[in-house]
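Biologist: I am new to this structure. Please take me through one part of it closely.

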Amino acid sequence: MTQTVAVLGTGKIGEALLSGMIRGGRPAQKLLVTARRPERAAELHTRYGVEAVSNAEAAKRADTLILTVKPQDMGKLLEELAPHIPADRLVISGAAGIPTSFFEERLAPGTPVVRVMTNTPALVDEAMSVISAGSHATAAHLQHTEEIFGGVGKTLRVPESQQDAATALSGSGPAYFYFLVEAMTDAGILLGLPRAQAHDLIVQAAIGAAVMLRDSGEHPVKLREAVTSPAGTTINAIVELEKHGVRAALIAALEAARDRSRELASGNS
């Protein structure tokens, strides 16, 4: 808690991390933020009591830099930061698809870099943040990163070679569930339910199913079978899902997301 942490490019995810660190006991005086728009910087200062500074000033003063800008903006940001970051600073990247080597090549030799893919449930402290070490990051750097991101959900360490898969599954994952809820809500309307009722039914079913998956320790197949009676309503629905190739479509969708993450890493915007 004695180290100064700077969040650069403080959008929604950056603000969620900021809020999580403050709730976790880190003093606002030990936090710096940067934002593209002055009014956004002023808003963060008013809301959290943190100091808003330039990117260069953050690089000079912070012990840990959390880079939350979009992947296509990362190269330009590193050009701005590189002259000001000593090799003993920890750099944490939250940009999809960009490997730690991208940062190591542009920063001082030996700079520790940690790559993190989190997701939007960080806004409600239910994130899944997947963490990978760069060439110079130590166990202490990983632990420090886990402390920061643990304030907004769960963390998981993986080899960096698995980051693109984690991005496809977890980073983009909430969008798949929203898509499914949207489709099921439309189906509920087709079956005669008002939209609000259909939405409430589906959301609570999703929350209940997620809690059961998390807390029971059971395989999803076993939980599904507990709902699936012989010749009942559920099995008829599942047969239709299989007929329409929903399982295959999900697998293909995840592969497409993984491939896009790899494209981002290669610089194809």
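At what angle do the axes of helix α7 and helix α8 cross?

Modeller: Keep in mind that this is a predicted model. The axes of helix α7 (residues 163-171) and helix α8 (residues 173-190) cross at roughly 35°. They come within 5 Å. On the α7 side, the contact is made by A168, L169, S170 and G171. On the α8 side, G173, P174 and Y176 take part. Sorted by type, the contact has 4 nonpolar residues, 3 polar ones and no charged ones.

Now step back to the annotation. UniProt, in an unreviewed entry, gives residues 160-264 as "domain: Pyrroline-5-carboxylate reductase dimerisation". That span is 83% helix and 0% strand. Its end C-alpha atoms lie 15 Å apart.

Look next at E160. Side chains of opposite charge can pair when their charged atoms come close. E160 forms a salt bridge with R115, with the closest N and O atoms 3.1 Å apart. E160 sits in the loop between β8 (153-157) and α7, while R115 is in strand β6 (residues 113-117), so the pair ties together parts that are 45 residues apart in sequence. The count of salt bridges comes to 21.

L241, V246 and L250 make a nonpolar patch of about 250 Å². L250 belongs to helix α12 (residues 246-265).

One more span gives context. The unreviewed UniProt entry lists residues 4-97 as "domain: Pyrroline-5-carboxylate reductase catalytic N-terminal". Here the chain is 40% helix and 18% strand. The end C-alpha atoms of residues 4-97 are 27 Å apart.

Notes. Residues numbered from 1 in each chain as written. Predicted model: local features only at pLDDT ≥ 70, side-chain atom pairs only at ≥ 80, totals over all residues. Heavy atoms only, no water. Axes fitted to C-alpha atoms, helices over the stretch in contact; angles between N-to-C directions. Helix = DSSP H or I, 4+ residues; strand = E, 2+ residues; numbered from the N terminus. Contact = heavy atoms within 4.5 Å. Nonpolar A, V, L, I, M, F, W, Y, C, P; charged D, E, K, R; others polar. UniProt positions renumbered as here; feature names shortened; annotations may be inferred. Patch = residues over 30% accessible without salt bridge, like charges linked within 9 Å, V, L, I, M, F, W, Y side chains within 5 Å. Areas by Shrake-Rupley, 256 points an atom, 1.4 Å probe, with all protein chains shown as cover. Salt bridge = Lys/Arg side-chain N within 4 Å of Asp/Glu carboxyl O.
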